[in-house]
Number of protein chains: 2
Amino acid sequence: MSETPPEPDESRPDGGPPPPRRRVNRREQILRAAADVFATQGFHNTSLADIATMLDITPAGVLHHFGSKTGLLTAVLELRDDTEPAPGGSPMLDHLVTTAERNSERPGTTQLYAVLSAESATEDHPAQGWFRERYTVLRRDIEGAILDRLGPEQRGPAGAPGPGGHSPAGAAAAAVIAVMDGLQVQWLLDPEAVDMALVTETVIDALVARLARGE
Amino acid sequence: MSETPPEPDESRPDGGPPPPRRRVNRREQILRAAADVFATQGFHNTSLADIATMLDITPAGVLHHFGSKTGLLTAVLELRDDTEPAPGGSPMLDHLVTTAERNSERPGTTQLYAVLSAESATEDHPAQGWFRERYTVLRRDIEGAILDRLGPEQRGPAGAPGPGGHSPAGAAAAAVIAVMDGLQVQWLLDPEAVDMALVTETVIDALVARLARGE
DNA sequence: GTCTATAGGGAGATAGAC
DNA sequence: GTCTATCTCCCTATAGAC
């Protein structure tokens with residue numbers, strides 16, 4: 001299953017800086033394994049032993065690098081594999097569709113965030129603050145992207161605060177995020193049943209069109 | 001918190017069936033406690049002891065009634081507190097908004113399904129089949145409701161199979177469900193940040209308008 | 001710096017008391 | 001029919017070996 005790359009003896013002529021390790025760093029190996037198994041099993045349902053076994057070490061070997069199971073979770077979340085940086089403004093909306101498409105080919109990552117985000121809504125979950133912050137930032141950014149796409153002339157009413165202190169564009173932003181999240185669960189349970197990218201695009205278009213009409 | 005309604009002593013003139021218990025039935029008490037705590041803590045993170053403690057019995061006392069922890073989960077899911085039966089056809093769409101509104105006042109139930117549905121997307125989760133089936137039925141019903149609202153004249157293109165074998169109305173149905181689910185997670189993490197009913201209504205309207213325009 | 005041995009405290013479920 | 005005593009297993013984390 002897990003291959004352990006051979007470790008060549010590294011020669012250091014002078015008494016230089018601390019020896020660089022050929023092996024990518026145990027820490028990274030553990031992070032990858034943890035991300036995989038948190039995704040397929042959830043956080044609470046995963047034991048340190050599950051992760052340790054994948055690397056042929058003991059559970060305590062894992063804990064050494066992260067202090068606690070919670071510390072490991074935090075590190076996994078920070079990992080954020082942003083292969084491509086998210087653009088700002090109107091192009092961000094297209095980027096969201098692309099992301100949905102990409103997620104269809106990475107069940108592991110998709111599952112990781114889908115499962116953990118919902119699990120974080122339980123009492124005193126260690127990832128709660130992380131996800132709360134993430135949603136706050138996402139809502140703000142996507143609201144900006146929507147206003148950007150509408151253009152200055154149509155922006156007026158959509159940007160103004162509405163009921164509950166939220167602007168229509170802000171509500172639309174929450175909706176877009178919600179659609180993407182909700183679709184992931186449906187897709188994970190039944191991949192044939194939904195086309196995440198198509199539906200995401202449809203909802204974005206429908207919401208932007210509605211805002212453009214000033215409703 | 002949970003009130004235990006008094007059980008009137010039922011008089012049996014003849015030597016009828018086994019003696020009625022004054023207490024509502026242990027089974028029901030356990031179900032309510034389990035639903036509460038599954039909601040706030042998730043399924044995997046909840047122990048039988050957590051539930052047993054609430055009723056001042058031992059974990060095995062709980063297991064007696066349901067055989068296994070999984071059996072208890074299944075029973076909780078079947079519980080479905082459909083206070084009001086969901087209508088069919090176009091009124092169902094209004095009912096969805098009402099449901100979102102009601103969910104804002106029942107964090108417990110909201111959390112139960114939000115957390116469990118995502119958790120069910122993990123490997124071999126006992127509730128996986130239940131949620132898969134639930135989504136399949138919901139998508140079909142809501143698709144019907146959308147077509148109903150569109151009316152016969154506009155229904156044509158929306159009902160026809162599109163890319164991936166799914167009709168535009170079917171995609172919209174998946175989107176509506178996704179929005180409701182996704183909003184729940186955002187709302188649970190930050191109740192002030194989103195208005196579930198408002199956003200749900202907005203998305204439904206935007207999607208129906210789009211279909212009506214034949215896009 | 002990296003990891004193992006072991007502690008110490010639950011977990012779910014079986015078997016059987018009342 | 002209802003529940004407890006108890007078994008066995010597995011969990012996270014500390015302390016310390018190499």
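**Close-up 1. A salt bridge between D190(B) and R139(A) in the predicted model.**
Here the side chains of D190(B) and R139(A) pair up, with 3.8 Å from N to O. That counts as a salt bridge under the 4 Å cut-off, because the N to O distance falls within it. D190(B) sits in the loop between α9 (168-189) and α10 (196-212) of chain B, while R139(A) belongs to helix α7 of chain A, so this pair joins two chains. As a general point, side chains of opposite charge can pair when their charged atoms come close. Over all chains, the rule gives 10 salt bridges.

**Close-up 2. D205(A) and R210(B) form another salt bridge.**
In this pair the closest N and O atoms are 3.9 Å apart. Stepping back to the whole interface of chain A and chain B, the rule picks out four salt bridges. For polar contacts, the count between chain A and chain B is 15 residue pairs, with both residues at pLDDT 80 or more.

**Close-up 3. The side of chain A that touches chain B.**
Five stretches of chain A each give two or more residues to this side: α1 (26-41), α6 (107-119), α7 (128-150), α9 (168-189) and α10 (196-212). The top contributor is α9(A), with 13 residues. Sorted by class, this side of chain A has 26 nonpolar, 15 polar and nine charged residues.

**Close-up 4. Chain A against chain B, by contacts and area.**
Contact involves 50 residues of chain A and 50 residues of chain B. Putting the two chains together buries about 4,000 Å². Carbon and sulfur atoms give 64% of that area.

**Close-up 5. Where α7(A) meets α8(A).**
This view stays inside chain A, with α7(A) and helix α8 (residues 152-159). Two packed helices are described by the angle between their axes and the distance between the axes. For this pair, the axes come within 7 Å and cross at roughly 140°. α7(A) and α8(A) are therefore oblique to each other. On the α7(A) side, the residues involved are L147(A), D148(A) and L150(A). Facing them from α8(A) are P152(A), E153(A), Q154(A), R155(A), A158(A) and G159(A). The residues of this contact split into four nonpolar, two polar and three charged.

Methods:
Residues are numbered from 1 along each chain as its sequence is written. Chains are lettered from A and ligands numbered from 1 in the order in which they are written. This is a predicted model: local features need pLDDT of at least 70, side-chain atom pairs count only at pLDDT 80 or more; totals for chains, interfaces and linings use all residues. Side-chain values use heavy atoms; hydrogens and water are left out. Contact means heavy atoms within 4.5 Å. Buried area is the accessible area (1.4 Å probe) that two parts lose on being put together, summed over both. A polar contact is a pair of N or O atoms within 3.5 Å; within protein, one must be able to donate a hydrogen and the other to accept it, and residues adjacent in sequence count only if both atoms are side-chain atoms. Helices (H or I, at least four residues) and strands (E, at least two) are DSSP runs, numbered from the N terminus. Ala, Val, Leu, Ile, Met, Phe, Trp, Tyr, Cys and Pro count as nonpolar, Asp, Glu, Lys and Arg as charged, and the others, Gly among them, as polar. Axes are lines fitted to C-alpha atoms, for helices over the stretch in contact, and angles run from 0 to 180 degrees between N-to-C directions. Angles under 35 degrees count as roughly parallel, over 145 as roughly antiparallel, 65 to 115 as roughly perpendicular and the rest as oblique.
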